[in-house]
Amino acid sequence: MNFCKNVPNINLRPAVAFSLLVLLGLAGNYFSVKFFFGVNLIFGSIAVLVIIQLYGVFWGTLASIIVSSYTFILWQHPYTIILFTFEALVIGILKKKTSKNIVVLDAVYWIFIGIPLIWLFYKKILGLNSTQVQLIMMKDTVNGIFNVMVCNLALNWLPLRKWIFCSKKPVPIRLKEIIFNLVFACVLVPSLCITIVNSYTKYNNMIKEVRSEISSEYSKISSLINTWYQLRFKALSELSGQITLFDIKSPAGLQSDIEMLKRSYADFQAIYIADSEGTAIAFYPEANERGEPTIGLNFSDRDYYKDLKKTLKPVISTVFVENDGASSPTAALNVPIIIESQFQGYISAALSLMDISNLIRLNSEAENISITIIDTNSKVVATTHEDLSYMEDFATHMESVKHLGDSFYYRLTSLKNELSLMGKWENAFFILEKNMGDAIPWKLIIEQPILGHQIKLQKYSIQSFAIILLLMGLSFLFAVLVSRLLSNSFSKLAQVTTHLPSKLVKNEKINWPNGRIIEICLLVNNFKTTLYTLKKMYEKIHAANIKLEHVAEHDPLTGLSNRTLFKKNLYSALDNAFNQKKMVGIMFLDLDRFKYVNDTMGHAFGDRMLTLTAKRLSVCLKENVTLYRQGGDEFTLIIPGLSDTKELEEIAKKILEVMQNPFIINGYKFHITCSIGITVFPTDGSNLQTLLRNADTAMYKVKESGKNNYLFYDCTMNSSYYERYKLENLLYNALEKNEFHIYYQPKINTKNHEIVGVEALLRWTNPELGSVSPSKFIPLAEETGLIIPIGDWVFYNACMQNKIWQASGYKPMRVSVNISALQFRQSDFTEKVVQILNKTGLKPEWLELEITESTLMKKTGYTLAILDRLKAMNIKTSLDDFGIGFSSLSYLKKFKIDTLKIDSSFVNGIGNCINDEAIIKAIIFIAKNLEINVIAEGVETKAQLAFLKDLDCEEIQGYLFSKPLAAEEMEILIKNPDINNTEH
């Protein structure tokens, strides 16, 4: 890809690239790899070092200041900015003066400048301990060298100069440097990745251990406090259960009960019993600190009283402070007095919470853990934390909180005098904060300092980074040694393998170099093996190409040449014929009724017939005639070098003759013929497309003429196909342009000559063609699939018209709608019937669906299911054109048909053909015995009517009574049915 093509301003590209590199640098620092507790690896200097190499020291230093500025946000001090800016500046200056690898230059920087600066900044200025300073020294050194290595790989392997400066000359790279970079990277990258993964694992394991330890302490303390709490609530509940209605009304004895309870539980500061109105009827002490009597005080304004009276369940109040000389957190325990299922009062005890802290201290065994209990307002109820006091707001201590899971998080306290993030972590805590249960509405908070865990992880990281630095030193020496050893051997090998493919093709002898290095020897052997393999592969590919060419040009079923080879050979034959002034014959063969065989016997059977046909035709053809399979049941022949057309006739007759013999497949005997269309070059066309199209046209003309024949193409044939094409195009738009209309032919009862129904008949009037016969456009609509939307339109409008006549007050009658096979086979056919009836409002009993014999005979299981559904909906069905199909009588007893329509071809034979009359009698006789109604269509004479009436044919339809009429004319006939009555 040419990045510099059509660039309007060539100076804009470096500026844009510089900005993108700076943004990448900022992103490298932002998306840092976080180890733990303020220890991060950053990668922003990768982009900075690339800028140094491409743009120079000044722009690299400027970029470093911008990119490193983010570290102030990350670590909250400016010293990292100085470290990484110095790195960019030193490497830029050294690179100008020496050709050394920048990885080596960066290692020199960190050893002699970076590490001393870290000791100065972090030890002397920030005051970090020795462990933390050692960790930062090793971490930043590894981080810096890794970034330089990535920068070096990017500069060596990516065409950055070409992209940015449109440089056409690639920057040459020494093999020694490539080997050094790769060897160094193969050591540094895996070791750093392993360290990162292990550190994450250590950190996560530490989190799990801390959480497990704190959770265990939570379970123990929570259970202890709940037991302590339940004992006091139980004592109050027992006293509540002993109080009777008599005691409430005469409370003299209740005073001694609460005094006894006070003696049992010293942490009850005050206890009183109140009636249902919240007035104290017994109180201990009997007077408050001011000497005022306590009995008779009313506490109905207290929230716990309202909750007791509403819920009738024990309630604990919010924590408050009793001013008894010292702040004492207190909670009121309240138990209702229920007598005869009625609230009669309650017992309340002011419980001092001072002893909870001592209880926690005595029972907590974990070291370095502080435990705090807070109420619903986040006020401290009890604590072992030295920095917290009773009723202090615990939320003020929650700074820099990060959640580590369900109710588990850590807190990082903000210290204004602490500049280092790592130092701030020394004062951080792991915290588990969970509710104590449903009974006590308090939270239990357990804290553990992070410092001990921080030190362990820091020491582990120091060891890990020390190992990486050691591996880096060893890999450096190894890389230098390997790069020197391999560069000479590789240069020799490069000379030998130059133009290796051409040497392979020319089969030249190659003098492979000898060496003492095993790897070089292996590489030479690999090249030898590769060369040998390539030879074998070349031979196989050549053979495979021949095979693929055969597969691509031959039909896999019959083995005949396919249409690809047909086109190729025909082009060649036409060129030869043109040069030799000869003719070329093209035959287009299509098997007659093959689709019927395929549909009835299955595709496997059809494939077998195609294979036998191909063999039979191939045998009867001359050597210069090639048979091709176009696809499906279509075959083509090319007959080159003709002087006249006699040979074409002989070949066509021979093909028709051999096709007369029956095919015997799996014991079945089949007779199948073919139709042949013939065109001749150059008479019938000068190119492949024209000749093939004209042969196809001639073949279809044979199909129309009765099949099993051949015809030469004649230009007059195109006219009929043009008419059909034109008719098809006009038919596509006829429905949209409202060119269809429906005529209705009445059905007459032969006994009283009343109209008992009408048949809806589709008519098409086109502005260009005029009135088009249904015999022309109906088959075309079925072939193109347009019969489905057209049939739906007829269905809807016929039902709507019948509903309009009924709404006008005319006597209800059935409307018959012809249903095509395609409509009937639609999966949603019955749903469409229901939808149309619902839309038009026509009741099902006034609808009759007419289907043909051929529709009925296919997929009998499906047909039976559809007829059953229609029968269940009370919709009548009629079998149209009965008697002209096959196998009809054997199926009549299976299908629930309401009416048989005797085809007009039999009615026309009444009085002229004894056989037709016999068939009519047989149909009526069978229908009567099967209780099926009979209607005869095409009745045109009174003699025909009399014959049918004598046979007790219920209904007739035909021109004797009325031709098909438009809806308006049909309505007039419905009003005056005697207009065309045959009796008059």
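The protein has 984 residues, and buried residues make up 47% of them. Its secondary structure comprises 34 helices and 31 strands. Among the contacts with a separation of 6 or more, 63% are between residues 24 or more positions apart. The accessible surface amounts to about 50,600 Å², and carbon and sulfur atoms account for 56% of that area.

Confidence in the prediction was examined along the chain. Mean pLDDT is 81 for the protein, with 87% of residues at 70 or more. Over residues 1–10, pLDDT stays under 50, and the model has eight contacts beyond four places in sequence for this segment. Helix H1 covers residues 12–30 and includes Leu 20. Leu 20 also belongs to a nonpolar surface patch, formed with Leu 12, Val 16 and Leu 23, and the four residues together have about 380 Å² of accessible area.

Side chains of opposite charge can pair when their charged atoms come close. Across the whole structure, 22 salt bridges were found. A network of salt bridges links Lys 747, Glu 759, Arg 814, Glu 848, Glu 850, Lys 901, Glu 937 and Glu 955. Another salt bridge joins Arg 302 and Asp 301, with 3.7 Å between the closest N and O atoms. Arg 302 counts as partly exposed because its relative accessibility is 36%. Asp 301, at 56% relative accessibility, counts as exposed because the value is over 50%.

Lys 703 takes part in a salt bridge with Asp 590, in which the closest N and O atoms are 2.7 Å apart. Asp 592 is buried, as is Lys 703.

The surroundings of Asp 590 were then considered. Asp 590, in strand S16, has a relative accessibility of 9% and therefore counts as buried, the limit being under 20%. The side chains of Asp 590 and Lys 703 are also joined by a polar contact of 2.7 Å. Beyond its neighbours within four places in sequence, Asp 590 is in contact with Asp 633, Glu 634, Cys 674, Ser 675, Met 699 and Lys 703. Between the C-alpha atoms of Asp 590 and Gln 630 the distance is 9.8 Å, while the two residues are 40 residues apart in sequence.

Helix H22 also contains Asn 694. Asn 694 counts as buried because its relative accessibility is 4%. The side chain of Asn 694 reaches the backbone oxygen of Asp 684 at a distance of 2.7 Å.

Methods: Residues numbered from 1 in each chain as written. Predicted model: local features only at pLDDT ≥ 70, side-chain atom pairs only at ≥ 80, totals over all residues. Heavy atoms only, no water. Salt bridge = Lys/Arg side-chain N within 4 Å of Asp/Glu carboxyl O. Buried < 20%, exposed > 50% of the residue type's maximum accessible area, 1.4 Å probe, protein only. Helix = DSSP H or I, 4+ residues; strand = E, 2+ residues; numbered from the N terminus. Contact = heavy atoms within 4.5 Å. Areas by Shrake-Rupley, 256 points an atom, 1.4 Å probe, with all protein chains shown as cover. Patch = residues over 30% accessible without salt bridge, like charges linked within 9 Å, V, L, I, M, F, W, Y side chains within 5 Å. pLDDT = per-residue confidence, 0-100. Polar contact = N/O pair within 3.5 Å; in protein donor to acceptor, adjacent residues only side chain to side chain.
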